[in-house]
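Here is a short briefing on a protein structure. Please keep the sequence and the model open while reading.

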Amino acid sequence: MRRLLLIGVVALAFPAAASAHATLRFTTPAFGTKLQRGPAQIGLHFDQQVKVLPGSIKVLNGVGKQFALPARIEGRTVVADVRPLKLGAYTVRWRAISADSHVVSGVWTFGVRVPAPAVANAYGAGGPTTTEHLVRWLWFLGLALTIGALGLRVICLRGLAVPRELERRIVVAAGLGAVVSLQAGIAAFSLRSEDALQLPFGQFLYGDLSPMAATRFGKAFVVMTLGFALVLALLYLAWLLDRTDLLLPAFVLSLFFAGGLSWSGHDALDPGSSWKTAVADWVHIGAASVWIGGLGTMVGLVWYGAPELRRQAFLNFSRMATVLIALVLGAGTYLSIVRLPHLHDLWTESYGRVLLIKIGLVCFALLWGAFHHFVVAPALERADTGFLTRIGRSLAGESLVGVAVLLVAAVLVDSKPPPRPANAPTVQAVR
Amino acid sequence: MLPHAEMVHWAFAAGILLVGLCLLSEAIVGQEVWQMRPWRKYLWPGIAFGMGVLLWPVMAFFTNSSIHMYAHGSWAEVLMLAGGAELGLVRGRLHSPLWRLTWPLAFAVTGIAFIVHEQNPWFFARSAFLHHLLGWTFLLGALIPLALAWRPRSAALQTCFALTIVAVSVMLFTDRDVAPIFGHLSELAGPQHR
């Protein structure tokens, strides 16, 4: 133990004995540019002198063919001449030794007479892994907890005499969701960058993430991070000052900033997307978050924490859930039609098969919800304590199905929808 | 367009100086006199919490390396936690004095993050030297709030705590991107500027 402590202290005291960190200031051509003809040179401009390695700069086309000649140093710039490039998308992968042997690395893309691909789609990037699915699931859970807990409080419990302790617990639950959202967002951004950079973790720590931050996903990450930090601050002030009026802006902001996922996902970027698909995706995510998060909060906090509110909370939530389910189904059906134009895509494409599982789970949750709405709600007036306890367990079961829906949704968001068929010729064109 | 790194350091140095001066004033005049105006007890914990919130944009916008992003993110979190816990205690929302242990935690996390994310040697340039010095000041300084958690009325410990924070702000004010330290500047760092 003492030896470990000593090693830790020495490592902290002399961390730079084997490393010094150079930072990339800018590149030529710049990240993500569309060029009219291939560049004659690639340039990396650093804040300090660096040394080149074999293969310091690689310019790769869509099938991995390398076009860069050996790199050389010009002051604080690493330069490599490039063979003539044809029309297409290209990936630049670079690495250099900065002071005292530390390797810094990065990746960016450009296009010759075509738009540059997103850096997450750079040549060599492998796509989402199981870890990325799990992190996205955590992200969804965090969003659902924040939005759902706040939605339950500001919509279903509005006007009711909410005990102070329950009030605090709801705020703490929403705050916990915001913290999970922030952490999961950082992890998701890191994993996506790690995949694009294709580096082992030790080198990834010193990898340049600027090109990833410039993508739609990177911008959404920045906006959502700032938004949820603000939501967290509002929730903290609501808890500290006993100000329930701060919960409404926190709810609106969290719902608004959850749109970052829609703004950077398939429904905003893939061919066939429009502002309508992005809005539909946002409505889908928002309504599902209020539904699943609200249900979980009602079971976890209201059902056992404030038994006197159970009946009224249940009835109010049941009414709200009807609207939410209509929104989830409406937006989801529209998006499915846009993404999968043919019915057989549902079982022939991997995206369609994941969607089928999600639809199955949603139907299961809907049937469960319908039982609560049409059978349980009318019986609540004459219900005894034992009945209410059993209903609590049933609601917990419905919430767990909702959590499973979010897991499948995470896999679905990370999956690639099938390419859209080419547009059929118009009548005028045929004539 | 992002501001230069040292300008961000200076902005946070101003906030930290304010916190340090409040703490020093409280240590000199005593808690009873300091809290004669009710708002004063919320002043420095509020500034600390606010700086934690403001560190999130720093985390999100400065992505020139993963390790910088994680360092800034960890500061944002521990500063919000420690400032928030202190506000909760003075407001009467929290009662356990163990919440004051969030300050030594914040100091320790901040110190380690400073040292780990600065990858240049001590005498590489002024900013590298100050990052190492700040890291060790925070790490060793964590002992002071740790002791304060058990001896909250100790004027000597309160003064030490305040002076440590003032010293941290002075270090941040003297931080510049590429500038010599004791007349030395590594040729690898490039020419002095600004």
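P29(A) lies in the loop between β1 and β2 (34–35) of chain A. The peptide bond leading from T28(A) into P29(A) is cis, with omega near -5°. This is a predicted model: local features need pLDDT of at least 70, side-chain atom pairs count only at pLDDT 80 or more, and totals for chains, interfaces and linings use all residues. Residues are numbered from 1 along each chain as its sequence is written, and chains are lettered from A and ligands numbered from 1 in the order in which they are written.

**Backbone**
- Helices (H or I, at least four residues) and strands (E, at least two) are DSSP runs, numbered from the N terminus.
- R113(A) sits in the loop between β8 and α2 of chain A.
- R113(A) has a positive phi of about 60°, although it is not a glycine.
- Most residues other than glycine have a negative phi, and most peptide bonds are trans.

**Sheet**
- Four strands of chain A form an open sheet in the order β1-β3-β6-β5, with antiparallel pairing. Strands pair if DSSP finds at least two bridges between them.
- β1 (24–28) and β5 (72–74) of chain A stand at the edges with a single partner strand each, so one side of each has no neighbour in the sheet.
- On average, neighbouring strands of this sheet are turned by 25° against each other, direction ignored.
- β3 (residues 41–46) and β6 (residues 77–81) of chain A pair in the antiparallel sense over five bridges.
- H45(A) stands opposite T77(A) in β6(A).

**Helix packing**
- Axes are lines fitted to C-alpha atoms, for helices over the stretch in contact, and angles run from 0 to 180 degrees between N-to-C directions.
- The axes of α2 (residues 130–156) and α7 (residues 247–257) of chain A come within 9 Å and cross at roughly 140°. That makes α2(A) oblique to α7(A). Angles under 35 degrees count as roughly parallel, over 145 as roughly antiparallel, 65 to 115 as roughly perpendicular and the rest as oblique.
- α2(A) passes α7(A) in a left-handed crossing, meaning that the near helix is turned anticlockwise from the far one by less than a right angle (clockwise would be right-handed).
- The contact of α2(A) with α7(A) has eight nonpolar, three polar and one charged residue. Ala, Val, Leu, Ile, Met, Phe, Trp, Tyr, Cys and Pro count as nonpolar, Asp, Glu, Lys and Arg as charged, and the others, Gly among them, as polar.
- The axes of α10 (residues 275–305) and α11 (residues 310–339) of chain A come within 8 Å and cross at roughly 155°. That makes α10(A) roughly antiparallel to α11(A).
- The crossing of α10(A) and α11(A) is left-handed too. Their contact holds 20 nonpolar, four polar and two charged residues.

**Domains**
- Chain A is divided into domain 1 (18–121) and domain 2 (130–414), with bounds from an automatic or database domain assignment.
- The C-alpha centres of domain 1 and domain 2 of chain A lie 40 Å apart.
- Each domain of chain A gives 14 residues to the contact, where C-beta atoms, placed from the backbone, lie within 7 Å.
- β8 (residues 103–112) of chain A supplies the largest share of the domain 1 side, six residues.

**Chain interface**
- 30 residues of chain A are in contact with 27 residues of chain B.
- α6(A) gives the most to the chain A side, with seven residues.
- The chain A side divides into 17 nonpolar, ten polar and three charged residues.

Terms used: Contact = placed C-beta atoms within 7 Å.
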